[in-house]
Each structure stands twice: as C-alpha cells, then as structure tokens.
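Hello,

Here is the structure I promised to pass on to you. Have a look at it first, and then read on for what turned up.

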Amino acid sequence: MSSTGRHGAVRSRSTRPSSGETGRHAVPTDRRPAAPPVPVQRVPVQRVPDHRVPAPPAPARRPPAPPVPDGRAQRRRPAPPRVDAVVAGEDLVKVHGRGRGAVRALDGVSVEVERGELVAVMGASGSGKSTLLHCLAGLDRPTAGRVLWAGEDVTRLSERRLTRLRRERVGVVFQAYDLLPQLTLRQNVVLPVEIAGVRPDREWLDTVLEVLDLASLSGHLPRELSGGQQQRVAVARALALRPDVVLADEPTGALDAGTTADLLRFLRGCVEGLGTTVVMATHDPLAAEWADRVLLLHGGRVAAELEEPTAHECLDALARVRRPVPAREA
Ligand SMILES: Nc1ncnc2c1ncn2[C@@H]1O[C@H](COP(=O)(O)OP(=O)(O)O)[C@@H](O)[C@H]1O
Ligand SMILES: [Mg+2]
C-alpha cells in the first residue's frame, strides 16, 4: 500500500514522534499540513520527504508494468499483491456469528505491510482492529478475502500447516502479557523456542534482550518486573523465533503514559535495530504517533491512511469518522 518502499531503510529514532516521550499532546510540526481522511482504500499516499534524515537509497523495485490500453478494465481487476509485502490482507471480510446477530467486523479491508515498517491500526472500540490483527496473524480465518505472508496465501492452509508457518513467521503480543509466573524472564522468552523444538539461537536472543533493555533482568521472575518491563518481555517472547512480523494488539493498553513511551521506543528499536516489521492495534493517538503509517478503521473499513501522523493529526482523523456501528448481516 505504501508507495515508498523502505527496505533496509534506517530511520532515525529522533524523527519519531514529536511528543510521545513526554506523554503530552503533540505540537503540530511544520512537516506538512494534516492530510484529510482518504475515503477509499488503497489510495496511494504521497510521502512527504523528511529533510532531517538523508533519504535511504531507493530499493530495487520490479520494473513498471507496461501500459494497459483499457484503463477501466485494469482498474476493475484487484491489484496483485506486492511481492515485498511481509504481510498482506486482500479484501478481508470477517463476519462473527450467524443469523440476525451476525456482525460484519471487517467489511473489505485491504492492507499491505512492507519489511521494516511500523504500522498502527487505529479506530474506535468495535471498529475491527483486533479482528484484522487476528486474521493477519492467522489466528482467525476471514469469511472472505485472502491473507498473504511474503506473498503466500495462508487462508486455505490446514490448521497444522498454518500453525507451523505462524510459528516461523509471526510473533503475537497481546494486551495482557500472559507471562508464566514461575519462569524467569529469560525462560519466558525462550519458551516458544522450546515449544517449537528448535535449537535456541542464543546470539539472537541476547540481541533481543539487549535491544529491549532486558539483559540485566534475565533471572527475574515476572512479579519482580514493572508492567512496562513485563510487556517488553512479551515483545521479546514474540521475537524469540525471529518472526518476519510482530502483530501487537493494544500492547500499551495496560500501561501508563511513561511506560507506554518506553515500550514504543523499544518497538521502534526492534524495527530499526532488528529490522522487524510491526503491526500494532491501538486506540491511543500518542502510541500511533510512533508509527510510519496509520490505518484508521471505521465500521470494519479503512476510512483513512496517514503517513507519519502526529497525535493531533490522528485525533483529527478520528474525529472525522463517526463512532462505528458494525453492520448487522441481513
Ligand atoms: N468472537 C466474536 N463474536 C461476535 N462478535 C465479535 C467477536 N469478536 C468481535 N466481535 C464484534 O466485531 C466488532 C469488531 O470487534 P473488534 O475487532 O474486537 O474491534 P476492536 O478491536 O476495534 O475493538 C465488534 O462489534 C465486536 O463486538
Ligand atoms: Mg480490540
């Protein structure tokens, strides 16, 4: 979806965000005027160059497609998924339940996330954030549409194959950290590796603990850690098997403003220091401010897409969409 492509791009932490660390509201910057919400999905968004950071070298792209004589026919066909999308959803529809009580939680959502991107999914409660994340993580099957991991359609895989692939490719972080209380920090982080029955990559685990500033706490039990530290352990655990993408559902939902900023700085550290791709659901504009891109969901649809928004811009965009009322199935 993003038209920029930033493979291997190293973005200076100092560029994000303008106010997240202080927990105060963002002061509008002179970066650009607030973009109006984009009413339809998959509208390419123009990235405004950040003059403070030297632009990374343009990544090698596929050659442009030859011109198609019949433009209308071309537009009707869905665009093929980009091969460089780490995770993508194509026209995702998810209906929870049946009959009169059925809820259309996703109503044709398309999203592509590139390697090394931190994408925030925002929206009011009930707008479909968790459902989208669960579908992208392969934890829930969409009613219609496809989920692709590195170009591979995983929607129709058997449960067994999907579980194995998910272990290799996807790390999930939930709002409740779900650490095992009797295990030390390091044992909690290594647990998925042991469950997967693969040899632990000690060097990688050490790097993860280092980047997340947890190395000195390795022997501590969860009860000896603060909420922010426990959430970072949950992130480290999601990274243990070196997934292509980390999907985090409201990872800062249980944290105060200070620890929220800490965790988001570390998530950015994962993106910039480890090359991880992160998709994070949040309803907090201060959290979304740390993202490269924000998808704003409304009633199960992408109502807007914002590039590097400030918290104010997120709030503005949220204010423009009304509180969602999920469509009841007929
Ligand atoms: N398992 C479920 N069964 C029935 N309805 C559900 C289920 N999960 C979510 N929903 C409904 O789908 C809509 C979207 O929910 P959700 O994805 O959790 O939104 P969000 O994470 O943005 O709050 C809501 O109306 C919610 O009540
Ligand atoms: Mg949710």
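Let's start with the sheet: it is open, has 6 strands in the order E6-E7-E8-E3-E9-E10, and its pairing is mixed (strands pair if DSSP finds at least two bridges between them; helices, H or I, of at least four residues and strands, E, of at least two are DSSP runs numbered from the N terminus). Strand E6 (170-173) and strand E10 (301-307) are the edges, each pairing on one side only. E9 (residues 293-298) runs antiparallel to E10, with 6 bridges joining them; Arg293 has Glu307 in E10 as its bridge partner.

This is a predicted model, in which local features need pLDDT of at least 70 and side-chain atom pairs count only at pLDDT 80 or more, while totals for chains, interfaces and linings use all residues. Residues are numbered from 1 along each chain as its sequence is written, and chains are lettered from A and ligands numbered from 1 in the order in which they are written.

Now for the ligand. Around ligand 1 there are 13 residues, the closest being His96, Ala105, Lys129, Ser130 and Thr131 (near means a C-beta atom, placed from the backbone, within 6 Å). Strand E2 (103-114) and helix H2 (129-136) each give at least two residues to this shell, and H2 has the largest share, 3 residues.

A word on confidence: pLDDT, the predictor's confidence in each residue from 0 to 100, averages 78 over the chain, and 72% of the residues score at least 70.

Best wishes
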